Amino acid sequence: MPKNSKVVKRDLDDEVIESVKDLLSNEDSSDDAFKKSELMVGDQEEKDVDVEEGSDVEDERPAWNSKLQYILAQVGFSVGLGNVWRFPYLCQKNGGGAYLVPYLILLLIIGIPLFFLELSVGQRIRRGSIGVWNYISPKLGGIGFASCVVCFFVALYYNVIIGWSLFYFSQSFQHPLPWDQCPLVKNASHTFVEPECEKSSATTYYWYREALNISSSLSESGGLNWKMTICLLAAWVMVCLAMIKGIQSSGKIMYFSSLFPYVVLLCFLVRGLLLNGSLDGIRHMFTPKLEIMLEPKVWREAATQVFFALGLGFGGVIAFSSYNKRDNNCHFDAVLVSFINFFTSVLATLVVFAVLGFKANIINEKCVIQNSEKILKLLKTGNLSQDMIPHHINFSSITAEDYNLVYDIIQKVKEEEFDSLGLKSCKIEDELDKAVQGTGLAFIAFTEAMTHFPASPFWSVMFFLMLVNLGLGSMFGTIEGIITPIVDTFKIRKEILTVICCLVAFFIGLIFVQRSGNYFVTMFDDYSATLPLLIVVILENIAVTRIYGIEKFMEDLKDMLGFSPSQYYYYMWKYVSPLVLLCLLVASIVQMGLSPPGYNAWIEDTATEEFHSYPTWGMIVCISLMVLAILPVPIVLIVRRCNLIDDSSGSLASVSYKRGRIIKEPVNLEGDNTSLIHGKSPSEVPSPNFGKNIYRKQTGSPTLDTAPNGRYDNSSKRI
């Protein structure tokens, strides 16, 4: 019996081999590359195999070790420095708690649908951004290249911010903190406080003079700042070591880099709530100003924040999701990560305003003491009458409420000569209304508040370590948005490409660690990403809904997820999201046109910031950044349209797909409707993926059933 079984098995194997030969015999004889490629027969559901064209070597696509690791990677990429220093500022500026309403509405209209779209195409096609958009429409392959260029521009200056955080982190192991007091200057006769510091503040002076050693204009380079150069090198070494093995190395680091910021934020929230005045800050933050919601600017800024908070258009979302299994529930992932991002922003806002409320109370107390001393002097000189002061007021221990009462009385009685008295209104609300964002919040306002904390070095170490981790999480996704598409397309070794990318980025990044480097960071932040990313995401939406076909895409999602997504996404993708994105693009262009292009320069003599317009060469750089970022889209379109580069040449115009490539000549399989399903010309159809089906020799050409998404269905009838 065993002997007969072996005979039967051998006969079956012979039939399978002959069937495969029959299939290959139907190919165009001129397509030698396809004949050389290895045909794999295996369980496609267990593992996905990428086969290089003309190679017999199997290149297994990496996969996440666990779903938790993947979620943490997406959270780490989407939750970044903007959640800590941009979202609180926008809340403060745009109506406090009322700002959360437009933000949530736009999160549901453009945030979650577009995030779900990018997750879906990455998981479905299992390629980086270049391969994904080449697959959907080779003429729109430039979308992926544009994403890579934007990622590179952003990575250049974003890692500089990580370098700044590393510098402050290294300086935090001192007591007192080095930015606690203004430095003293000694000369031959006496010692005095540094004038630049005395005119501003200790933390402001430390940031501009000690950390950045900033020049007075963009045109004044001032040479390299060696301290920041070392910190930038350290930041790129950290990124390179974490990314050199792809998700196998960066995925493990995500457990720390994604979770540690939440530990720090919760610790800061608990500590902040115990500080005097913290509730004043939180109350000010969440006091809604409903009238501001009617302003178009609020909705534009909310849409922009939603757009960038989720990392749309960078390619990192697509790259991370491409390492998932095909049946992963990416809809759940999109909703989960989007709301984690939102609640992280709210948590960070609570922390920031609790600390700023504490800082405002300290400043207010100093204001009350200084102005009370002025009132006492005015009483002694007879400029003010003692009769104006209520009897219960004690200037030796006066409260803020009592001072404001005296202030209002003096203002009414001495209305005409009040300005000459030099008294100031000391109100916490006035201090909290001073909008601070970005580096001003992290490296000036927050550092100043922490100098008043008990055990301030500990809290400073924790805060800047949190900033480093937030930055690294976003950098991993940004670099993945560069590395994965290039590796998938050009089959370069990931380790070599990662090292080259980091080295090139470091040397280009030296322009950001000059003494004028902070001004270049502002330039890149303003001009290298906003408009190009908006255009990229609009084209992504159009490519899926109009070119690939929204109905076919919904069928693909049903096949991939095992259930039909809500029709809500159908209408969002097809009508609402493109319209909102176009309005946002127009509003951003108008805003950019109305706002004079320039930067805030630090003037040493006055110790203040002063607005400077960009010089002519600076304007050329700004325009070049936007043009270079979006230029790949028309270039690839023209190249494909005019057939300037042959698809089989392996050049920029060609791209490898799952177990194959773009086939130049049609596959002459009778009854093969793959090109009809995808709505593509035969030259754009990827090579077929053969699963575990057994094709037996028959008279006539074989007929293969295809799944709705264009793959050969494992459940199709066996011939």
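In this tour, contact means that heavy atoms lie within 4.5 Å. The model is predicted, so local features need pLDDT of at least 70 and side-chain atom pairs count only at pLDDT 80 or more, while totals for chains, interfaces and linings use all residues. Residues are numbered from 1 along each chain as its sequence is written, and side-chain values use heavy atoms, with hydrogens and water left out.

**The nonpolar cores**

Select Phe268 first. Leaving aside residues up to four places away in sequence, Phe268 touches Val351, Phe446, Met450, Phe453, Trp459, Met462 and Phe463. Phe268 and Trp236 have the most contacts inside the largest nonpolar core, which has 181 residues. A nonpolar core is a set of buried Ala, Val, Leu, Ile, Met, Phe, Trp, Tyr and Cys residues joined through side-chain atoms within 4.5 Å. Buried means under 20% relative accessible area, exposed over 50%, and partly exposed in between (1.4 Å probe, protein chains only). Helix 8 (residues 142–171) supplies the largest share of this core, 18 residues. Helices (H or I, at least four residues) and strands (E, at least two) are DSSP runs, numbered from the N terminus. A second, separate core has 19 residues, among them Ile389, Val406, Tyr407 and Phe418.

**Ser278**

Select Ser278 next, in helix 14 (residues 278–286). Ser278 has a relative accessible area of 1% and is therefore buried. Its contacts, again without residues up to four places away in sequence, are Gly272, Leu273, Phe353, Ala354, Gly357 and Phe358.

**The disulfides**

The structure holds two disulfides, each defined as a pair of cysteine sulfur atoms within 2.5 Å. Display Cys182 and Cys197, whose sulfur atoms are 1.9 Å apart in a disulfide. Cys182 lies in the loop between helix 8 and strand 3 and Cys197 in helix 9 (residues 195–199), so this pair ties together parts 15 residues apart in sequence. The link is left-handed, with -80° about the S-S bond. Cys182 is partly exposed at 23% relative accessible area, whereas Cys197 is buried at 1%.

Move to Cys367 and Cys426, joined by a disulfide with an S to S distance of 1.9 Å. This pair links distant parts of the chain, 59 residues apart: Cys367 is in helix 17 (residues 330–381) and Cys426 in the loop between helix 19 (418–421) and helix 20 (428–432). Both cysteines are buried, and their link is left-handed, with -70° about the S-S bond.

**Backbone features**

Where is the peptide bond from His175 to Pro176 cis? The bond has omega near 0°, and Pro176 lies in the loop between helix 8 and strand 3 (184–186).

Select Asn213, which has a positive phi of about 45° although it is not a glycine. Asn213 is in the loop between helix 10 (202–211) and helix 11 (226–243), and is partly exposed at 31% relative accessibility. Ala607 likewise is not a glycine and has a positive phi, of about 55°. Ala607 sits in the loop between strand 5 (598–603) and strand 6 (608–613), and is buried at a relative accessible area of 5%.

**Leu628**

Finish at Leu628, placed in helix 27. At 45% relative accessibility, Leu628 counts as partly exposed.
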